[in-house]
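Please read the points with the structure open.

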Amino acid sequence: MLKKIAELASNCNRIVVLTGAGVSAESGVPTFRGKEGVWANFKPEELASLEGFMANTEIVWEWYNWRRDLMEKVLPNAGHLAITQLEKLSKKFTLITQNVDGLHKIAKTQNILELHGNISRNKCVDCNLIVDKKIIIDPKNIPCCKKCGGKIRPDIVWFGEMLDETIISQAYVDSEKAELFFSIGTSAVVHPAASLPITAKENGAILVEINLEETPITPIADYHIFGKSGEILPQIVEMIEEKKAI
Ligand code: OAD
Ligand code: ZN
């Protein structure tokens with residue numbers, strides 16, 4: 001099956017990849033759902049929502065400081081690197097990620113749409129002004145926005161919030177045009193991200209899913225590969241490279 005996918009990738013013009021937390025699992029970043037997931041210990045709305053932030057600002061910042069610290073220590077894995085290589089081998093390529101860990105950027109993928117923001121950035125809770133990346137947050141003494149005095153929060157899309165209009169629109173446009181669409185390491189339950197593979201499929205793309213388990217999009221996938229992205233993706237990329245070398 002991997003050979004067939006490599007063949008399809010070699011022969012098509014537009015590839016879109018959607019990634020979720022599973023792609024970073026092999027780097028040591030916990031996923032959101034499942035036994036080991038972050039949500040197993042917390043109620044999402046307590047930490048990742050505006051209401052949660054306003055009610056428990058100190059706890060929310062402690063949690064994000066912990067995640068930032070963790071993410072500074074991790075490195076891209078073979079899956080991230082294979083995606084970068086896939087981009088180099090493709091005519092048109094878009095990576096749409098739900099991850100906020102920035103590992104795709106560190107792995108040097110170029111055309112990335114970060115749907116849910118980036119954990120290293122901050123912004124003002126009131127006026128949305130983006131604040132210096134390097135700012136250190138003391139949960140007991142949260143800095144305020146220079147422009148309006150609002151509290152500083154992580155620049156991440158929380159539950160109940162809208163995605164950046166420009167980014168999600170571009171994600172839909174690229175998904176509609178995709179000839180081959182990979183959905184990798186995502187539980188495909190959080191919308192609108194989860195509707196992108198469906199949009200791609202409705203517009204004629206071949207849909208490939210790589211995951212450790214079945215998801216709501218498995219029934220519409222043309223190919224479902226059970227396995228770790230860090231193991232499967234390098235194999236696919238190697239097969240494409242072999243084809244190109246012929
Ligand atoms: P989830 O934690 O919901 O799902 C991770 C998926 O990755 C699961 O389906 C796992 O089976 C799969 N998986 C785990 N390890 C894997 C591996 N090594 N290779 C391949 N697959 C693997 O994460 P997301 O789908 O990314 O939003 O969650 C979507 C959004 O939910 C997140 O972006 C987050 C949360 O609300 C925000 O932070 C805004
Ligand atoms: Zn402000």
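**Notes on cavities and sheets**

1. Among the elements lining the second largest cavity, α7 gives the most, with three residues.

2. The model is predicted: local features need pLDDT of at least 70 and side-chain atom pairs pLDDT 80 or more, while totals for chains, interfaces and linings use all residues. Residues are numbered from 1 along each chain as its sequence is written, chains are lettered from A and ligands numbered from 1 in the order written, and side-chain values use heavy atoms, without hydrogens and water.

3. The second largest cavity holds about 40 Å³ of space. A cavity is a set of points, on a 1 Å grid over the protein atoms alone, where a 1.4 Å probe fits but cannot get out; lining residues have an atom within 4 Å of a point. Points are joined across faces, edges and corners, and the volume is the space filled by probe spheres set on them. Its lining includes His104, Lys105, Ile112 and Glu114.

4. There are two cavities of 30 Å³ or more. The largest has about 60 Å³ of space, and Phe32, Arg67, Met71 and Val100 are among its lining residues. Asn99 and Asp101 are in this lining and also in that of the second largest cavity.

5. One open sheet has six strands in the order β3-β2-β1-β7-β8-β9, with parallel pairing; two strands pair if DSSP finds at least two bridges between them. β3 (112–114) and β9 (223–226) are at the edges with a single partner strand each, so one side of each has no neighbour in the sheet. From one strand to the next the twist averages 15°.

6. Within that sheet, β7 (residues 180–184) and β8 (residues 206–211) run parallel and are joined by five bridges. Leu180 has Ile206 in β8 as its bridge partner.

7. The other open sheet described here has three strands, in the order β5-β4-β6, and its pairing is antiparallel. Since β5 (130–131) and β6 (152–156) are at the edges, each with a single partner strand, one side of each is left without a neighbour in the sheet. Four bridges link β4 (residues 117–124) to β6, and Cys124 stands opposite Ile152 in β6.

Definitions and conventions: Helices (H or I, at least four residues) and strands (E, at least two) are DSSP runs, numbered from the N terminus. Axes are lines fitted to C-alpha atoms, for helices over the stretch in contact, and angles run from 0 to 180 degrees between N-to-C directions. On a 1 Å grid over the protein atoms alone, a cavity is a set of points where a 1.4 Å probe fits but cannot get out, and a pocket is an open set with protein on both sides within 12 Å along at least five of seven lines; lining residues have an atom within 4 Å of a point.
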